[in-house]
Amino acid sequence: AYEILTCDWSSDVCSSDLLTHVVIAQFENGGRPSHYLVVAPIVASDGTMLGLLAVERLPFFAMNQETLEMLAVLVGYYADSVAAGELSTAVVDAFPDCPVEFAEELVKLMRCQRETGHESTLVALVMPPHPQREAMRAQLRQLRRDLDLVWERKLEEQIILLTLMPLSGLAAAEVYLFRVNEFAKEHYQQDLDALRVQRHTASVASSDPVGLLRDFFKVCERA
């Protein structure tokens, strides 16, 4: 059976890199070293310890690696949701036009990808001056999925429509860009290349959200 053994939380769990602490124990004569099957430290991206999630019961067939990995994702996401105000401050300080919700979600998704491997992607549509740009900009915003977040950056000549796609890899981003291109052909009788709309994608696999955004915007602004 799976069971967590008695331990010193401060040294064994709280200071550990493990997101979930699980021990396999043999029970003899009905003995139980602990009441908990799983204990997961609730730790924000900056290392702040917020608490512990303790699980007493779990269906036998749910006690597997996939369940534990999903638990780690949820616990990390919750921890960063609680501490998101402080964690996103650096992004908003560096980019004052960045929506707070966008910055908070980016920080959480970067931590999720770093620790669990679940990918998320940034997609940029760079629109140069064009007679139909304002209408196109508003319409393209509506093509996002329900979970996606959009940040619109207005530069001297360009508009960058930046979409954050949670838990979606580069393949999902390519599907999104295909839909955008088909929309342009249907409504403007031209594809994105003809409209001179540049497309860029980037994984959020980084530990520095400000550096990630700065590097990505440098690529976009060279378009």
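## Buried rings in a predicted model

A residue counts as buried when its relative accessible area is under 20%. By that cut-off, Trp151 and Phe217 are both buried, and Phe95 is buried as well. Keep in mind as you look around that this is a predicted model.

## The aromatic cluster

Let's start with the rings. The whole structure holds 4 aromatic pairs. One of them joins Phe95 and Phe217 edge-to-face, with 5.6 Å from centre to centre and 65° between the planes. Phe95 sits in the loop between helix H4 (89–94) and H5, while Phe217 belongs to helix H8, so this pair ties together parts that are 122 residues apart in sequence.

What geometry do the rings of Trp151 and Phe217 adopt? Their centres are 5.3 Å apart and their planes stand at 90°; because planes over 60 degrees apart count as edge-to-face, the pair is edge-to-face. Ring pairs link Phe95, Phe102, Trp151 and Phe217 into a cluster.

## Helix H5 against helix H8

Two packed helices are described by the angle between their axes and the distance between the axes. For H5 and helix H8 (residues 209–221), the axes come within 10 Å and cross at roughly 105°. Angles of 65 to 115 degrees count as roughly perpendicular, so H5 is roughly perpendicular to H8.

Which residues make the contact? H5 contributes Leu106, Val107 and Met110, and H8 contributes Pro209, Leu212 and Leu213. By type, the residues of this contact divide into 6 nonpolar, no polar and no charged.

Now for a pair of loops. His118 is placed between helix H5 (100–116) and strand E3 (121–127). With a relative accessibility of 31%, His118 is partly exposed. Leaving out residues up to four places away in sequence, His118 touches Val73, Cys112, Gln113 and Leu167. His118 and Ala205 are 87 residues apart in sequence, yet their C-alpha atoms are 9.7 Å apart in space.

Is Asp148 buried or exposed? Its relative accessible area is 1%, so Asp148 is buried. You will find Asp148 in the loop between helix H6 (133–141) and strand E4 (149–154). The side chain of Asp148 makes a polar contact with the side chain of Arg145, at 2.7 Å. Asp148 also touches Thr163, Leu164, Met165 and Pro166, again leaving out residues up to four places away in sequence.

Terms used:
Residues numbered from 1 in each chain as written. Predicted model: local features only at pLDDT ≥ 70, side-chain atom pairs only at ≥ 80, totals over all residues. Heavy atoms only, no water. Helix = DSSP H or I, 4+ residues; strand = E, 2+ residues; numbered from the N terminus. Buried < 20%, exposed > 50% of the residue type's maximum accessible area, 1.4 Å probe, protein only. Polar contact = N/O pair within 3.5 Å; in protein donor to acceptor, adjacent residues only side chain to side chain. Contact = heavy atoms within 4.5 Å. Axes fitted to C-alpha atoms, helices over the stretch in contact; angles between N-to-C directions. Parallel < 35°, antiparallel > 145°, perpendicular 65-115°, else oblique. Nonpolar A, V, L, I, M, F, W, Y, C, P; charged D, E, K, R; others polar. Phe/Tyr/Trp six-rings, centres within 6.5 Å; stacked < 30°, edge-to-face > 60°.
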